[in-house]
Amino acid sequence: MCPKFELTMQIPPYLVNEHYDDRYFDVVNAIEEAKHIFFRGTGIIDILSTAGQGRKEFRIGETGFGAGRLLIALMDFLDNCGITDIAIIYNSVELHPVTSERMASILEGFRTETGQLIDLLVRNYSRVEISRPGWHQIQLTRPFGTLTLNLWIGEALEMVQALTIPCDTWFLDGHGPKKNPSIWRRELLMAIGEKTVPGGTCATYTVAGAVRRGLIAAGFSVEQRPGFGGKKSVLKGLKL
Ligand SMILES: C[S@@+](CC[C@H](N)C(=O)[O-])C[C@H]1O[C@@H](n2cnc3c(N)ncnc32)[C@H](O)[C@@H]1O
């Protein structure tokens with residue numbers, strides 16, 4: 001059986017991004033996978049809990065907003081980690097935005113754990129004019145503080161170039177490099193490196209050689225960490 005046929009046989013079509021013939025995320029463990037790869041991987045809890053009184057803002061960049069699963073997982077994670085009074089600035093980008101109805105369908109599998117967060121995001125996202133390119137903003141109040149989603153509708157490089165303040169960490173979540181080489185291209189990774197604070201971090205699920213080399217060229221030291229679910233290893237980067 002060819003892999004494409006196998007994929008469409010097993011996964012409901014609305015979970016597959018038709019532009020890349022690839023799933024939005026691991027269907028079974030995506031919330032836990034996000035926590036393992038992206039939140040523990042980038043060390044954000046250590047940074048936030050040792051931040052002290054002076055540190056109020058934490059800036060995150062994400063390549064590939066998709067259905068907002070990482071954002072849901074992040075809010076769930078931070079709501080339950082005991083940190084308060086922090087302002088998360090979440091800069092993300094999406095070239096092919098889904099409708100709010102499709103977002104709700106894609107996230108439906110996590111309703112038992114994160115139903116209220118899904119409703120909150122879908123309600124706010126439904127007011128975003130997704131046919132208009134450029135920045136859109138959603139502001140949310142959470143137990144940990146505030147979360148500002150700055151969502152760029154358009155191409156990832158444009159969004160990175162439009163950032164005026166560098167990020168503390170990056171979640172690189174834009175489909176696998178074989179399915180979508182554009183989001184791993186050298187020019188984009190270099191721009192991400194330039195928009196990362198010294199000592200900042202990045203994480204991704206792919207350990208492909210081209211991605212590792214691209215991140216190193218962009219100024220990150222990279223380290224393979226144990227993976228999650230079906231993934232043997234994942235990647236963490238530290239901006240030198
Ligand atoms: C794996 S999915 C993202 C999953 C998402 N982080 C989530 O947790 O729901 C990758 C997303 O990146 C978007 N994408 C791919 N290439 C892009 C590009 N060059 N610029 C902007 N978005 C892109 C795709 O349309 C897709 O929605």
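View 1. A backbone N or O atom of Ala 156 lies 3.0 Å from a nitrogen atom of the ligand, a polar contact being a pair of N or O atoms within 3.5 Å. A polar side-chain atom of Asn 180 is placed 2.9 Å from a ligand nitrogen atom, and a backbone N or O atom of Ala 67 lies 3.3 Å from a ligand oxygen atom. Of the 600 Å² of accessible area (Shrake-Rupley method, 1.4 Å probe) that the ligand has on its own, the protein covers 99%. This is a predicted model, in which local features need pLDDT of at least 70 and side-chain atom pairs count only at pLDDT 80 or more, while totals for chains, interfaces and linings use all residues. Residues are numbered from 1 along each chain as its sequence is written, and side-chain values use heavy atoms, without hydrogens and water.

**View 2. Residues around the ligand.** The ligand has 25 residues around it, each with a heavy atom within 4 Å. Those that come nearest are Gly 64, Arg 69, Glu 94, Asp 173 and Asn 180.

**View 3. Packing of helices α2 and α4.** Helix α2 (residues 30-40) and helix α4 (residues 69-79) cross at roughly 80°, and their axes come within 9 Å. Axes are lines fitted to C-alpha atoms over the stretch in contact, with angles from 0 to 180 degrees between N-to-C directions; helices are DSSP runs (H or I) of at least four residues. The two helices are therefore roughly perpendicular (65 to 115 degrees).

Terms used: A polar contact is a pair of N or O atoms within 3.5 Å; within protein, one must be able to donate a hydrogen and the other to accept it, and residues adjacent in sequence count only if both atoms are side-chain atoms. Angles under 35 degrees count as roughly parallel, over 145 as roughly antiparallel, 65 to 115 as roughly perpendicular and the rest as oblique.
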